[in-house]
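Have a look at the model first, then read on.

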Amino acid sequence: MIRNYNFWVITDEQKETSVNLQFIYNRTSKEEIAVKDFIYSYPVKVYFGEKAAAKALPAELAKAGKTVMVAYGGGSVKKSGVYDEICGYLKEAGKEIVDFSGIMPNPTYKKVQEGAALAREKNVDFILAVGGGSVIDCCKIIACQAALDEDIWEMEFKNHIYPTEHLPMGAIVTASGTGAEMNNGAVITNEDTNEKAGVLGAYASFAVLDVDYTMTLPKKQVISGAFDTLSHSMETYLGSPRDVNLSDEIAEAVMRNVIRNIRALLVDLNDKEARTELMWASAMAENGILKIGKVTDFQAHQIEHQLGAYTDCNHGQGLAVIHPVLYRHMCKDSVKQFARMAEKVWEIPAEGKSPEQLAGEGIQALKDFVKEIGMPSTFTEMGITDKSVLKKVADTCNLTAGCCKKLSREEILEILEECW
Ligand code: NZQ
Ligand code: ZN
């Protein structure tokens with residue numbers, strides 16, 4: 001079943017009024033979608049750069065009530081000093097703080113319920129997510145669940161009704177890459193049903209992107225976050241339509257930028273300029289700009305999310321393994337797009353080459369890049385040991401409609417086995 005989270009997957013019904021991204025697609029068939037007839041606006045106000053929190057918090061929280069829930073993960077923000085700094089701004093603004101800690105990577109639905117119960121019990125007026133994609137995602141759903149009587153999972157997945165009310169929230173980014181601060185989709189793991197799925201939740205009314213808050217991030221997470229941004233751009237670029245439009249040309253620039261800046265980090269992980277560029281690239285890939293006039297693909301994400309449901313693996317690493325293999329399977333169905341990506345993104349000279357050869361060289365360049373940046377190329381390198389999960393992933397992942405080829409479950413299993 002295709003889930004209703006249309007910044008990743010656009011279903012036929014959603015094409016009619018894609019209100020999630022707040023633009024409306026011109027529609028008849030998938031191939032006819034183009035950059036025309038859309039409305040674009042964006043609800044997230046971004047405070048970017050040094051000391052952005054000092055500017056954002058007094059200004060934005062002046063409008064909020066007194067009780068602010070500060071939500072964070074396993075403690076990195078306490079070690080780095082970010083937590084104390086943020087709480088300092090809140091106290092100066094006269095706020096009462098409700099602490100909510102322990103949001104884990106790949107946040108669970110149980111954690112959402114715990115946060116929502118706390119928000120209700122303490123009459124929280126505003127939720128401040130301080131962390132990476134996991135903390136921000138968890139808070140997007142806490143913000144909705146706290147304002148709802150019904151169970152949000154049942155409501156969205158059984159009844160196909162989506163929340164319209166939520167507690168207001170803001171996002172302070174301490175790990176960039178997912179772009180989670182820029183959208184209202186949240187990837188939540190339901191341990192009871194073994195699903196890692198996209199749940200529609202709250203938009204943050206503002207986001208703080210200060211690269212200084214990310215400098216304590218371990219190398220593995222810096223690189224996997226940046227690869228996630230590359231993945232979001234590729235999965236949008238390789239959607240429909242097949243012919244290049246303005247969004248594709250912007251995506252090419254984002255992808256080249258991400259590749260160049262990941263390479264800069266291999267020389268110096270603390271290269272602030274590169275980290276800053278990557279932080280903005282991450283937001284760019286998820287602020288809707290690249291998706292105007294596109295039906296996105298996101299098949300790699302759908303496979304990776306279910307892999308995460310069964311193995312709790314690192315998101316960017318899972319994508320790094322899946323992408324080259326998946327693209328080998330998809331390439332011949334959209335040679336022109338893959339050949340263009342080889343030339344414009346991987347900067348492979350086209351002269352004297354057939355489109356097929358060029359497309360293949362582009363996929364090889366992606367595969368080589370994964371190795372070059374020290375990411376895993378197989379599931380075993382990621383530390384996954386139970387091969388029986390592959391069939392479960394193939395049987396349960398969403399099949400997307402945006403790519404050049406709708407894969408069968410058998411072919412997804414083949415892809416997963418090639419990733420082993
Ligand atoms: O929990 P703490 O102690 O804070 O440690 C975290 C965590 O272990 C650590 N970390 C974060 N900031 C740090 C830091 N360590 C040191 N210094 C800092 N400044 O990093 C680890 C990973 O954090 P996490 O938030 O899980 O990483 P990421 O930002 O990659 O988020 C991954 C989650 O986002 C979802 C993924 O599926 C996954 O669940 N995604 C959300 C998306 C969205 N909403 O649009 C799109 C993505 O495609 C993705 O699916
Ligand atoms: Zn992602």
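Which residues line the second largest cavity?

## The second largest cavity

They are Tyr327, Phe338, Met341, Ala342, Trp346, Ala359, Gly362, Ile363 and Leu366. A cavity here is a set of points, on a 1 Å grid over the protein atoms alone, where a 1.4 Å probe fits but cannot get out, and lining residues have an atom within 4 Å of a point. H14 (355–372) gives the most to this lining, with 4 residues.

## About the model

This is a predicted model, where local features need pLDDT of at least 70 and side-chain atom pairs count only at pLDDT 80 or more, while totals for chains, interfaces and linings use all residues. Residues are numbered from 1 along each chain as its sequence is written, chains are lettered from A and ligands numbered from 1 in the order in which they are written, and side-chain values use heavy atoms, with hydrogens and water left out.

## The largest cavity

The largest cavity has 14 lining residues, and Ser176, Leu217, Val222, Arg275 and Leu278 are nearest its centre. H8 and helix H10 (272–285) each give two or more residues to that lining.

## Around ligand 1

Ligand 1 has 32 residues around it (a heavy atom within 4 Å), with Gly74, Ser76, Ser134, Thr216 and His232 the closest. Among its polar contacts (N or O pairs within 3.5 Å), a backbone N or O atom of Gly74 is 2.7 Å from a ligand oxygen. A polar side-chain atom of Thr216 lies 2.8 Å from a nitrogen atom of ligand 1.

Key:
Polar contact = N/O pair within 3.5 Å; in protein donor to acceptor, adjacent residues only side chain to side chain. 1 Å grid on protein atoms, 1.4 Å probe; cavity = no way out; pocket = protein on both sides within 12 Å on 5 of 7 lines; lining within 4 Å.
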